[in-house]
Amino acid sequence: PCPVFERPLVKSIMKLKVFRSVWGLPGVRGVKQLVAALQQGGFQGVEASLGDVDAIEGKGNRAQWRDALAEAGLLHVAGLYTSWQDYEGGWEDVPPRHHLARWEEQLGEARELGCCHVNAHSGQDDWGEEAQDAFFADALGPPARLRAA
């Protein structure tokens, strides 16, 4: 047999982390209740947008969210939206510079929350190739600047 597929080697290389999205998780009130549900379900973390964090824990209480997840040893993947937050409400046709400003702002907010990863819903489907290229060329810079801060 090939040593790559032997169980001990594969086990030492990979570790699966399972996250629960708060999307479709009704009735959660507060991060403590969320932490209990995640632990009961055997999850290692949660995927939640910045809007989800504010809806669950209350606007202005993001530090409590961050601290409660950290104390429980849970990770957070942030859903970031440069337009049409959480796909709710009205959609706005905004220029790439507006998306870029939101992207940089939300990356900073995700960093403050201690997020381990971001799931980016960025840009706009109807942009031409030139607008797409310009947006993504600019958007690739902020993560390095944020890590250096």
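In the predicted model, 74% of the contacts in the protein between residues at least 6 apart in sequence join residues at least 24 apart. The chain comprises 149 residues, of which 31% count as buried. Its accessible surface comes to about 9,600 Å², and carbon and sulfur atoms account for 55% of that area.

The secondary structure consists of 7 helices and 4 strands. Along the sequence, these elements are arranged in the pattern α-β-α-β-α-α-β-α-β-α-α.

Two packed helices are described by the angle between their axes and the distance between the axes. Helix 5 spans residues 96-112 and helix 6 spans residues 129-139; the two pack at an angle of about 25°, and their axes lie 10 Å apart. Because angles under 35 degrees count as roughly parallel, helix 5 is roughly parallel to helix 6. The crossing of this pair, helix 5 with helix 6, is right-handed.

On the side of helix 5, the contact is formed by Pro96, His99, Leu100 and Trp103, which meet Ala131, Phe135, Asp138 and Ala139 of helix 6. By residue class, the contact of helix 5 with helix 6 comprises 6 nonpolar residues, 1 polar residue and 1 charged residue.

Technical notes:
Residues numbered from 1 in each chain as written. Predicted model: local features only at pLDDT ≥ 70, side-chain atom pairs only at ≥ 80, totals over all residues. Heavy atoms only, no water. Buried < 20%, exposed > 50% of the residue type's maximum accessible area, 1.4 Å probe, protein only. Contact = heavy atoms within 4.5 Å. Areas by Shrake-Rupley, 256 points an atom, 1.4 Å probe, with all protein chains shown as cover. Axes fitted to C-alpha atoms, helices over the stretch in contact; angles between N-to-C directions. Parallel < 35°, antiparallel > 145°, perpendicular 65-115°, else oblique. Left-handed = near helix turned anticlockwise from the far one by under 90°. Nonpolar A, V, L, I, M, F, W, Y, C, P; charged D, E, K, R; others polar.
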